[in-house]
Amino acid sequence: MNAQLQDGMTSSIDLALERLATARQQILEQVSRVIVGQQQVIDELLIALFSGGHCLLEGVPGLAKTLMVSTLSKTLSLEFSRIQFTPDLMPADITGTEVIQENRSTGTREYRFLPGPIFAHVILADEINRTPPKTQAALLEAMQERQVTVGRVRHRLPEPFFVLATQNPIEQEGTYPLPEAQQDRFMFKIFVRYPRFEEEFEVARRTTNPQQPVTEAVLSGPDILQLQQMVREVPISDHLIRYTLSLVRQTRVGEPGVPEIVSQYVTWGAGPRAVQFMILGAKARALLHGRSYVCCEDLQALAKPVLRHRLVRNFAAESEGISTDWIVDRLLELTPTQEDELLKDGRFQAILAS
């Protein structure tokens, strides 16, 4: 019986491996017709998508963040909705509202719910830090519970549901920084960098050409839901789970085994959701890179996008220009990848026993 179960799991993972590899190649081919470069950003978006998570994109204006998201939604044959966040945006403008409508056949009046723009598969929350906390909080229930509550009635959101929020790191006047509880709902925080010279040359050539590229859909909503379920079936060893826990628990100030750099530069560390997202994302990354198992490289590659928005730096770090990415790099250097080294290290023994 166990052998049959094992064979069934193996065949399921092999099927997911083949389907995800094909889907990734097709999506990259379609997106590359419009977007030049940004390979790492697109890969991290796909990992979050197939893991069922949400992403926060940060970059200066003009780096095609909005175009990247809309192009991705077209390749996935998903309904796309763009919400431009402004200081006067109200929660009902996002979730929808109830209106009184007269029933012409009976003459009675009754409430009718008008869905807001959040009732789509892919949501682009453009410049999310430009709207007040009350409106930002309207996304919390939607992102976590996949539903919105209007009045006393809960309305389910369509599946799959993928929120991509952008924010501009330059202008701080008239903005409302996302609170830690809101940021924790995002699986990844992705930095969108300036393109390289060759990439920017190609951008200039393409965008000034009269011919505009056309993308085609390669995956449907049910396909994505099925692939998301297959990702969860990818096995991961107990050692890699302990490695992930060791890495994340080192960020918590005041806990046993915390390194000096965390005590010196961090006010608040990452919670259990960081562990969950890192493991789930590592499973998706393994399949997208043609492997049916998770390795340490997958976890290390996702450490920065998972942890960079979950570490709260103190004044000393900000005054010295210490970034969260620098802290994560130091933690990766301090954490042994080999199982015997991890278990024999006195500091990590304290972490694993706490």
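**Exercise 1.** Determine in which helix Thr-75 lies, whether Thr-75 is buried or exposed, and with which residues Thr-75 is in contact beyond its sequence neighbours.

*Solution.* In this predicted model, Thr-75 belongs to helix α3, which covers residues 65-75. The relative accessible area of Thr-75 is 0%, and because buried means under 20%, Thr-75 is buried. Once the neighbours within four places in sequence are left aside, the contacts of Thr-75 are Ile-27, Gln-30 and Val-31, together with Thr-215, Glu-216, Ala-217, Val-218 and Leu-219.

**Exercise 2.** Find the aromatic pairs in the whole structure, and classify the geometry of the pair formed by Phe-113 and Phe-119 and of the pair formed by Tyr-265 and Trp-326.

*Solution.* The search of the whole structure gives 2 aromatic pairs. In the pair of Phe-113 and Phe-119, the ring centres are 5.7 Å apart and the planes make an angle of 65°; because planes over 60 degrees apart count as edge-to-face, this pair is edge-to-face. Phe-113 counts as buried at 17% relative accessibility, and Phe-119 is buried at 16%. The pair of Tyr-265 and Trp-326, with 6.2 Å centre to centre and 85° between the planes, is also edge-to-face. This pair links distant parts of the chain, since Tyr-265 is in helix α11 (residues 260-265) and Trp-326 is in helix α15, 61 residues apart. Tyr-265 counts as buried at 7% relative accessibility, whereas Trp-326, at 32%, counts as partly exposed.

**Exercise 3.** State the volume of the largest pocket and describe its lining.

*Solution.* The volume of the largest pocket is about 570 Å³. Its lining consists of 23 residues, of which Glu-58, Gln-167, Gln-183, Lys-189 and Arg-313 are the closest to the centre. Two or more lining residues come from each of α7 (180-183), β9 (188-191), β11 (312-313) and α15 (324-334). By residue class, the lining divides into 7 nonpolar, 9 polar and 7 charged residues.

Terms used. Residues numbered from 1 in each chain as written. Predicted model: local features only at pLDDT ≥ 70, side-chain atom pairs only at ≥ 80, totals over all residues. Heavy atoms only, no water. 1 Å grid on protein atoms, 1.4 Å probe; cavity = no way out; pocket = protein on both sides within 12 Å on 5 of 7 lines; lining within 4 Å. Points joined across faces, edges and corners; volume = space filled by probe spheres on them. Helix = DSSP H or I, 4+ residues; strand = E, 2+ residues; numbered from the N terminus. Nonpolar A, V, L, I, M, F, W, Y, C, P; charged D, E, K, R; others polar. Buried < 20%, exposed > 50% of the residue type's maximum accessible area, 1.4 Å probe, protein only. Contact = heavy atoms within 4.5 Å. Phe/Tyr/Trp six-rings, centres within 6.5 Å; stacked < 30°, edge-to-face > 60°.
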